[in-house]
Amino acid sequence: MIPFTGSPLDRAGQMRTDAEFLRARAADPDSLVLPLWRLQPFILGPDNAPAPLELGLLRPGLAEALAAPGAPSIFLGLEGGRAMFAIDISAARDPANEGPLAGLGHFRDARGAAMLLPDRDVAILGEAKALIDWHERHGFCARCGAPTAIADGGWKRICAACNTEHFPRTDPVVIMLATHGDACLVGRGKHFPPGMFSALAGFIEPGETIEEAVRRELMEEAGVRAGDVKYYATQPWPFPASLMIGCFADVEARALTLDKTEIVEAVWLERAEARALINGGQANGVWLPPRIAIAHHLIKAWAEK
Ligand SMILES: [Zn+2]
């Protein structure tokens with residue numbers, strides 16, 4: 001499974017407008033609440049606990065007092081009949097060490113946590129993190145600048161002045177493995193960790209199809225002309241709000257013209273070399289993305305074909 005996919009939750013979108021239902025479930029002792037503090041999820045146990053970690057899903061009433069008035073409380077959905085919520089407790093000073101959560105667990109960077117949690121927890125975390133992050137960045141109306149308020153269990157904000165409704169956004173990104181014969185193209189973005197190479201990627205622009213964005217990005221970043229583009233899979237990527245759309249793209253030739261403002265280096269990997277690297281190897285200091293990234297699955301699917 002690709003991390004951040006396969007959520008166990010039924011989003012039960014039809015219940016988001018039922019304020020009475022949400023109030024009752026938020027107080028139901030069977031419900032579960034995930035606190036996020038400054039976009040970091042609560043994780044049960046000490047910060048040196050071995051993987052797999054366990055997401056800090058708490059009974060209602062434990063963490064809510066740490067949230068500031070008006071802070072997001074989000075109805076994530078139902079698992080079986082049990083409701084799950086996420087709350088933003090960023091107003092707390094040091095909630096892992098003082099107050100009701102002290103001694104129960106710790107807060108951890110969401111991306112780091114996602115590498116150590118079971119897949120079901122990663123999917124729940126992705127939904128929670130993306131939404132709380134969106135609320136944090138959308139306190140004011142993009143139309144008139146007045147403050148907005150949370151509505152519909154966290155799935156909408158409404159402007160108090162002009163009544164415009166704002167909905168959580170997802171930004172599509174194409175990530176494509178260019179292939180030529182029995183080789184694939186991987187590049188180093190300028191912000192990548194040393195030695196890491198990955199599939200090339202870029203945001204889809206307004207008015208573009210997925211295939212057009214793949215072809216444009218490959219031409220802009222690497223100077224290669226793509227023919228056939230094939231869809232592979234998608235991955236929600238909550239950093240902060242992307243949907244990664246994985247594709248394969250056959251290109252006409254291997255000669256590269258890199259856009260050095262984006263890609264500092266790129267190499268063609270023969271299939272056997274890519275297979276060894278994606279399964280944890282390193283060669284000449286080159287390594288490929290870990291399992292958390294869709295690029296890992298894209299490269300692996302091609303390399304092991
Ligand atoms: Zn407004």
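**Arg 108 and the zinc site**

Reader: Which side chain of opposite charge is nearest to Arg 108, which is buried yet has no salt bridge?

Author: In this predicted model, local features need pLDDT of at least 70 and side-chain atom pairs count only at pLDDT 80 or more, while totals for chains, interfaces and linings use all residues. Residues are numbered from 1 along each chain as its sequence is written, and side-chain values use heavy atoms, with hydrogens and water left out. Buried means under 20% relative accessible area, exposed over 50% and partly exposed in between, with a 1.4 Å probe and protein chains only, and a salt bridge needs a side-chain nitrogen of Lys or Arg within 4 Å of a carboxyl oxygen of Asp or Glu. Arg 108 has no such partner, and at 6.0 Å the nearest side chain of opposite charge is Asp 47.

Reader: Which backbone oxygen does the side chain of Arg 108 reach?

Author: Contact, meaning heavy atoms within 4.5 Å, links Arg 108 to residues including Gln 40, Asp 47 and Leu 116, leaving aside its neighbours within four places in sequence. At 2.8 Å, the side chain of Arg 108 reaches the backbone oxygen of Asp 47.

Reader: Which residues coordinate the zinc ion?

Author: Donors are N, O and S atoms within 2.8 Å of the metal (3.2 Å for Na, K and Ca), and water is not among the atoms, so sites may look incomplete. The donors of the zinc ion follow the spacing C-x2-C-x14-C-x2-C along the chain. At 2.3 to 2.4 Å, the SG atoms coordinating the zinc ion belong to Cys 141, Cys 144, Cys 159 and Cys 162.

Reader: Is Cys 159 buried or exposed?

Author: Cys 144 counts as partly exposed because its relative accessibility is 43%. With a relative accessible area of 0%, Cys 159 is buried.

Methods:
Lys and Arg count as positive and Asp and Glu as negative; His and the chain ends are not counted. A polar contact is a pair of N or O atoms within 3.5 Å; within protein, one must be able to donate a hydrogen and the other to accept it, and residues adjacent in sequence count only if both atoms are side-chain atoms.
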